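Thank you for sending these coordinates for comment. My notes are set out as numbered points, to be read with the structure open.

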Amino acid sequence: MTRCRRALVVALIVAAHALAHAAGAGPLTITGATTNARTRPLGIDAEDISLGWTLGAAGRGARQQAYQVRVGVEPGSAKVWDSGRVRSDRQVDVRLPASLALQPATRYHWQVRAWDGQGRPGPWSEPSWFETGLLSAADWQGTQWIGAPFDAADQPRPLLRGTLRLSQPVRSARLYATARGVYQLWLNGRPVGDQFLAPGWTDYPQRMQVQTYDVTGLLRSGANVVGAALADGWYRGKVGMGWQAVYGQQLALKAKLRVTYADGRTQDFGTDASWRSLPGPYVRADLQDGEQYDARRLPDGWAEPGFDDAAWQPVTWQADTAARLVPQPDEPVRPTEVRTAQARLPAPAGAFLYDVGQNVVGVARVKLTGRPGQTVRLRYAEEVYRRGARQGQLYTDNFRSAAVTDTYTFARDETVTWQPRFTQHGFRYVEITGVDAEPALADVQAVVLGSDLPGIGELRLSHPMLDQLVRNIRWGQRGNFLSIPTDTPARDERLGWTGDINVFAPTASRLQDTRAFLSKWMDDLADAQKPDGNIPAIVPFPGRQFGETGVGWSDAFITVPYAVWRATGDARIVRSHWAAMRRFYDFVKASATVDGNLLEEGRASWFSGDWLSLEGVDRLREHPTIATAYFAEDTRMMAEMAAALGDEEGARSGQVLAERIRRSFARAYVQADGRVEPGTQTVHAMALGMGLLAPGAERDEAAARFVDKLAADDHHLKTGFLGTPWLLPALSSIGRDDLAMRLLLNDDYPSWGHEIRMGATTVWERWNGIAPDGEFGPADMNSFNHYANGAVGDWMFQHLGGLQMLEPGYKRARIAPLTTHPALSHANASLRTPYGLLACDWQRADDRLSLIADVPVGTEAEIILPAANPRLVREGLHAASLAPGVRQARWTAGVLTLLVGSGHYEFLVPAGIPEP
């Protein structure tokens, strides 16, 4: 660097520091508040309550110097707890003291205020709240499990009804419910809640979730009726490869209504022997096979007061089990969107085929006209045949044994709008038969179902194929996040495969706030943990197949909470499961060190190596390299999480061990010329992307062999589930963004672009799901909605959108988009972090580059701009390096790096201006 340039750098740093210190941000206001990562959660556990908030400020560079939290049973009260003024910039995972001993079925109101960097207090936030659910077996006293005497798999699913009478004005009322099976409740004929498929999937013998409903507005003075419908769900219905009744044979309901009267008295009404039962209209109801609904079997007014249930049968009492009843901690399954059919396609006589334009997960909602006893059938498919004698017909071979069919039988001459309630399908196409007239397009809709996680991330790209790829990744996540993270929503499987979410969790946590959802799944992992610390390949584990597991799958016990913590800065998911994670890591470590070295050659299974790779090598040859790489990654992650929990010794020893594993990896698997054995794309990508090789010649040689390997493969990917997430990051880590973009932009087989060129609207399970000639891949395993290979979304957010994490939760971020590639001229990326909105909107024109950035209060960001002459880079009306909020500026090798505090920034970089 010349003396002139050094002087420029120093001058910019000094000036920027001076201006940053002079900038005032104004008092801080609270703009959002969460409890356990949710907004005003109703009916949660009382253990480890974690608060968070976002801040607003009038100026740039705002920070929180201190905070105060107050908690009470009334808004504005501090009678339960007052933190006092706490000098801290912490806004995420602020814990209530465990000594508070929060009570069950109680609403707690809380507020927070913050002091800014100048020590000025802001106003108290608007009151927020959380409400505890029923917390122990004692809270269910007087409530029984009830079922129907006729209940059996070959009988119509039961309706249940119970009556109660209220004689006093009601101030509030809560209905707590769970089921062995799935359930829907009504109160005085009106649906209770907006959830579907409650209580969700858990390991039912160990843990069952309870939902809490605010039913204050549904009660009336005098007689009231609670109605319930039960169906098989995961408890008795088909799960996995057609496994039936893996948890039990008898459906049952347990519910409790707690009424608080105007005078403060409470009264409980629970399921008991006074309830009545009747075989209902749900003749069959299965998550895989579909629903058979016979409207003739539904008595009018059955869930309302005044109905005569004398012909109904008394319910049967069912025994309690050892299963813990726990408040549901995460967002429920809900309808998240309704899509109207976009086209009617040619179909055989008597059939009407509709395309909803998107591969979704949910059910159809159809408007139908019929006569008594007439049955209409709905069939679903992800694809239609592209060629041959069956061209245009539904392709359902890939569903295997799942029937995926719903039927509706009319009770009378009428027109109805019907939507199945106790099933879900993965589909884009709906075939309707059994109707006399063609339903209009507007009368055929897809109701999208999924766990209703908050959306937090957006990425829009000027390249049409890449923009579609982001949408495909998002839809794959929406469809497969349904109570648990599944592998596929369509065929007879739909299991919580650990390997899929292991690789996808970082991308998932960019698109949705996964804290509550994946923390619940971590509870499932803990329930499934074996005595030796290992876990099955699928969780929840129904106890049939796939108890065997292997590297890259069970490691989800470490990689998933790590991804969530890194994305959010919220350590609650780690803290809550640390003991179980440690037991798993001890199992991993023992396996890798049993023979006296640090090379993992055990933990093998039938899916070892890189699953669905196209390399054609024996995957067991890849296994030791991949397994040792994962051992190093597990160790590194555990060390970082130990530090986050305050375990300094655990962090230090983990860091030392991780370095030893990396050295052992290089000695064992890297040849003198840099080739990583056995030479596949995956092992090179992992070695480089995971940072397993020492900087210098060792890493440079391996990078050269990686580039050679890609050239030998005609610059097309060959990676499977475990290698694909590391492919592009490895290339970026060696300065080859050009090759990363080349792989990403391919649209011939095999590539992400090939899928999109073939019409994909979600990510496929396998690269050859549909061949270039339209032929389908192997039907025994060919899902068209399978998010694992969508793990590339994390790289796209970082490098195309430019949003990169330097500290957990984006407490420190880097905004550094790839703005120079000719295929992309514009990207708009945003992420609602736990601190607030982090965003980058950049656009390249012939004469300039514009970049608009938003940085949340309480954080800072490095902004990287290509600039031939830093003096000409502008931020609004200022030279960029001297703009308010810029704390530091550095220019070297044609790159201007700005360290900025919170705020909104608009940068303009002129093109083609020579260096100063």
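This is a predicted model: local features need pLDDT of at least 70, side-chain atom pairs count only at pLDDT 80 or more; totals for chains, interfaces and linings use all residues.

1. Residues are numbered from 1 along each chain as its sequence is written, and side-chain values use heavy atoms, with hydrogens and water left out.

2. Rings of Phe, Tyr and Trp (its six-membered ring) are taken to pair if their centres lie within 6.5 Å, and planes under 30 degrees apart count as stacked, over 60 as edge-to-face and the rest as tilted. By this rule there are 40 aromatic pairs. One of them is the edge-to-face pair of tyrosine 380 and phenylalanine 427, with 4.8 Å centre to centre and 65° between the planes. Because tyrosine 380 belongs to strand 28 (residues 375-381) and phenylalanine 427 to strand 33 (residues 425-433), this pair ties together parts that are 47 residues apart in sequence; helices (H or I, at least four residues) and strands (E, at least two) are DSSP runs, numbered from the N terminus. Tyrosine 380 and phenylalanine 427 are both buried, where buried means under 20% relative accessible area, exposed over 50% and partly exposed in between (1.4 Å probe, protein chains only).

3. Phenylalanine 665 and tyrosine 669 are also an edge-to-face pair, since their ring centres are 5.5 Å apart and their planes are at 65°. These two residues are 4 apart in helix 9 (residues 648-669), a separation of about one helical turn, and both are buried. A single aromatic cluster is formed by Trp243, Trp497, Phe546, Trp553, Trp606, Phe607, Trp611 and Phe721.

4. A charge is said to sit over a ring if NZ of Lys or CZ of Arg is within 6 Å of the ring centre and within 35 degrees of the ring normal. Arginine 70 has its charged end over the ring of tryptophan 124, 3.8 Å from the centre, and arginine 85 lies over the face of tryptophan 115, at 4.9 Å from the ring centre.

5. Glutamine 468 lies in helix 3 (residues 464-480) and is buried, with a relative accessible area of 17%.

6. Strand 15 (residues 207-214) has 7 of its 8 residues buried, so this strand is largely enclosed by the rest of the structure. Strand 12 (residues 170-180) runs antiparallel to strand 15 and is joined to it by 4 bridges, with leucine 175 opposite tyrosine 213; two strands pair if DSSP finds at least two bridges between them. Strand 24 (residues 324-327) pairs with strand 15 in the parallel sense, over 4 bridges, and here arginine 207 stands opposite arginine 324.

7. Strand 13 (residues 182-187) is joined to strand 14 by 2 bridges, and tryptophan 186 has proline 191 as its bridge partner.

8. In helix 5 (residues 515-528), 12 of the 14 residues are buried, so the helix is largely enclosed by the rest of the structure; the buried residues include Phe517, Trp521 and Asp524.
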